[in-house]
Amino acid sequence: MELFTNQVLAGIATGAIYACMALAVVMIYQAIDHLNFAQGEMAMFSTFVSWQLMQWGVPYWGAFVLTLAFSFAGGIVIERVLFKPLAKAPILTQVAGFIALFSIINSCAGLIWDFTIKQYPTPFGSTPFLGSQLISTHQAGMIGITVLLLIGLYVFFQYTRIGLAMRAAASVPESARLVGINTSWMIALGWGMAAAIGSIAGMLIAPVVFLEPNMMGGVLIYGFAAAVLGGLTSPFGAVLGGFLVGIFENLAGTYIPHVGNEMKLPIALALIITVLVVKPAGLFGRNIVKRV
Amino acid sequence: MHVMQQLRIAALATAVIALTSGGALAQKKYDTGASDTEIKIGNIMPYSGPASAYGVIGKTEEAYFKKINAEGGINGRKITFVTYDDAYSPPKAVEQVRKLVESDEVLLVFNPLGTPSNSAIQKYLNSKKIPQLFVATGATKWNDPKNFPWTMGWQPSYQSEGRIYAKYLLKDKPGAKIGVLFQNDDFGKDYLKGLKDGLGDKAASMIVMEESYETSEPSIDGHIVKLKASGADVFFSVTTPKFAAQAIKKLAEIDWHPLHLVVNVSASVGSVIKPAGFENSQGILSAAYAKDAADAQWDNDPGMKKFFEFLQQYYPDANKLDSSVVYGYGAAQTLVKVLQMCGDDLTRANVMKQAASLKDFTPDTMLPGVKINTSATDFAPIDQLQMMRFKGEKWELFGEAISGAIE
Amino acid sequence: MSAIEEVGSQAPAVEAVPKRAMTLSSGTAFVVVLLLLVVPLFVKNFIIFQMTMLLIYGLAVLALNILTGGSGQFSLGQSAFYAVGAYTSAILMEQYNINYALTLPVAGVVCFGFGFLFGQPALRLSGVYLALATFALATAMPQILKLGFFEHWTGGVQGLVVTKPDAPFGLPMSQDMWLYYFTLAITIAIYIFSVNLLRSRSGRAFMAIRDNEIAASAMGIDVATYKTLAFGVSAGITGVAGGLGAIAVQFVAPDSYTIVLAISLFLGMVVGGVGWLPGSFIGAAFIIFVPNIAEGISKGLSGAVFGVLLFLIIFLVPHGARQVAMVAQQLLSKVRKT
């Protein structure tokens, strides 16, 4: 029984990583109705920028805020320069654009900061949390910030005019334009916010996994999976999905004999696909009715 | 193109005839890729993709050959170093090696990196009788001169390192309960096998848990939790740098203090220990065959001084603390020695012959006591390692340089 | 949050390609085939090897074109079928000593079955969800290949070395050249088959499903059967490509068939022009040669250069090579008129 609780707790700890990333994924999906494969790399690059600022002597929270601003602006710039011209192109071409962006960012990061791992500080300290041997104060802090972000996003989408405008622009663009919403800038705003949330995710994740250009590759897949599981339109679902994926993965690794350990990711993904077959919009997603 | 092909065949045939004629004339003999003025060396490295961290090795070697050229070359011949990116993908490795051999016409392929890539090109290079020299992987299978006479390793094999740890444990901690965390690939499985072989009959009773992980996992924390729960009091970390650092950190976080053994690849102070935290790394054991550039104890060592001077002049951007840079230097220096030993006989067969005749060669970066020795039946140049313990901010070597060979 | 029902009339994920424009005119096709037949006689073995790989990847992209461009199912998992085909060939050749040519139909059939089976649960998924499911398949495949359970056949992480066949009947050509012509024959056969498939009733059914699944089903098309059929055929062709790939490279290992391959094939399809079968080979050329060009430009930034080149292409021709071909065709017809 102790092993079980240990693994569940450890799963929650890793799940916090996935949940963070999943929030950024949901954010971009709300804005453009698609998944951005380069999301992870953008988060990684932002984290490197904050690391560099700290190397130059800027204190942690100063670097944090500066990086947030940089990421927000960067996200908008990337969207305006690279993806607005592609807005009329077929969606598959846009996906190719995401992949190209991934390649560019990853390569540049590798050249600028090389591939050796770097230690990344945490504002929460790394001591055991409440004496628990499994969750450190940092991981508790990570869960806390994720929940705060989640609440913030929920409030934004449900109760603010801009949030409503963004949702409208993404799901029914023609109608949104008819009521005077500038759908083009909504998309740019969405990119900026997603980049900013991604940078927070990166800065929270780096202390655990160590900062290096390839650090987000695995995380992004889990972020997607968690977001899809929870429902791509639901920030709450994304966060819950992250924790569920983390827990399930650990339990599968511990209790499924022989293959459980080697097939952790495929099993987690298989679980999600099964859920999708039953509930196509994810656990908390909105069902979309398609008309001919 | 046909004419070129015929010319090349003729040249090769002439070289073969000259070799087999048994004449010990001090005349110049060349295979494709060598001439009076040039020696062409081919290489593949993962400059992109999941293993791009190792691309530095190729860059270091390139810089080293520049240095040799600036100092007059090898017996008056300049080195042309042609290196391609294989992105750690076997099909790409095959394509790039074929390009090196058939398009660039190199004399030999030096230090190709990665077990999958080398496995893919081994048959091709052996069938074409082109040296696959000093491969950059510790897989044990490169020491097989009977079946693959053109392939030779360089670094100590993973199995031999595993056996050294086994020897140590049998002697110093015979009642140990060992928990192993290993990467689920050639690298990890080879080490595990070495450990088990070294422990012999006692392997089954001593190893209480074998936990594998995939490189795609963001964090291995869950595995550490499992290993602690197994009751192990020795933790054998067969991990690459990123995961080794995560393990060290997690162990400290969950307040678990077993005897911690980490493999040589991840013993770098700059790439692993420092990011993980010196305070978390006290008492960790490992083994080494080369000096660690981050370690202050070698600051006045003549060999390392040469290394630092080389970096300053030819590769100033290098991250000195990266053990891959030290590695590249040592391997390149070994190749240069072999080529110098060839003299004017730069045929591929002679290159292999000289490579198999190294006697007590010590590159600048090897630990004192570790010597490179090869023979016609021993294609493992380095098979000694010395154990070390981390104390304060550096590694303290202890004991003697031990050979990992099976007794 | 409640599950509110939203109404969305989305554009199809994959846009329609006019049937006529799906293939090359016979004049161009003839010239291309002639070149493909004659060029290997004049170049080095290494170039022949690259051309063989071009045909092989072209087949794999062709398969993806049938699946995505034809039936509108977004797949990022083709590397899994490629891997199964490759290993099938390798295992049959090395463990059971079966002649290399015979392994290919087996690889094709095995992968067809595998694709057909995978298509079943995939029926309920579309768009980004299907992408994720196929992505899951692609990431799972290297893991499955490494499993200790299969190690006896697959060689585990070490992989298997495959013997390249010699030209039969003592023909005076190198192994590379023989394998090239063998591959070329198979490629042409599969290409003709694919063109006919897309022109046939099944092909029309695919395209109807792609353009508007609900309307297609309302018209009486058995959506389920055709969707799984598309998956099966696509997987089968990819499997044959995989088998050929195993023979050409002479080596199979789990690391050869990662998600990177699936993404490359996807990029090949986009660059060639989604749904335009001849573009498959242009796409294949892109994924083989452009990384080399990028590496030539800058070793340290090869990924960035690759990304920039890709961006340039999709900015200039968002519809891929098909767009270039259509423009060329228009120019030619203008010239002919004057």
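Colleague: How many residue pairs are in polar contact across the interface of chain B and chain C?

Modeller: The rule finds 12, with both residues at pLDDT 80 or more. A polar contact is a pair of N or O atoms within 3.5 Å; within protein, one must be able to donate a hydrogen and the other to accept it, and residues adjacent in sequence count only if both atoms are side-chain atoms.

Colleague: Which part of chain B gives the largest share of that side?

Modeller: α3(B), with 10 residues. Helices (H or I, at least four residues) and strands (E, at least two) are DSSP runs, numbered from the N terminus.

Colleague: Before we go on, what are the ground rules?

Modeller: This is a predicted model, where local features need pLDDT of at least 70, side-chain atom pairs count only at pLDDT 80 or more, and totals for chains, interfaces and linings use all residues. Residues are numbered from 1 along each chain as its sequence is written, chains are lettered from A and ligands numbered from 1 in the order in which they are written, and side-chain values use heavy atoms, leaving out hydrogens and water.

Colleague: How much area do chain B and chain C bury?

Modeller: About 2600 Å² between them, 51% of it on carbon and sulfur atoms. That is the accessible area (1.4 Å probe) that two parts lose on being put together, summed over both. B:E95, B:R98 and B:K123 supply 21% of the area that chain B buries against chain C.

Colleague: How many salt bridges cross there?

Modeller: Three, by the rule: a side-chain nitrogen of Lys or Arg within 4 Å of a carboxyl oxygen of Asp or Glu. B:R98 pairs with C:D176, with the closest N and O atoms 2.6 Å apart.

Colleague: Is B:K242 buried or exposed?

Modeller: Buried, with a relative accessible area of 12%. Buried means under 20%, exposed over 50%, partly exposed in between (1.4 Å probe, protein chains only). A:E212 is buried too, at 8%.

Colleague: And B:K67, what is its partner?

Modeller: B:E71, with the closest N and O atoms 3.2 Å apart. B:K67 counts as buried at 13%, whereas B:E71 counts as exposed at 54%.
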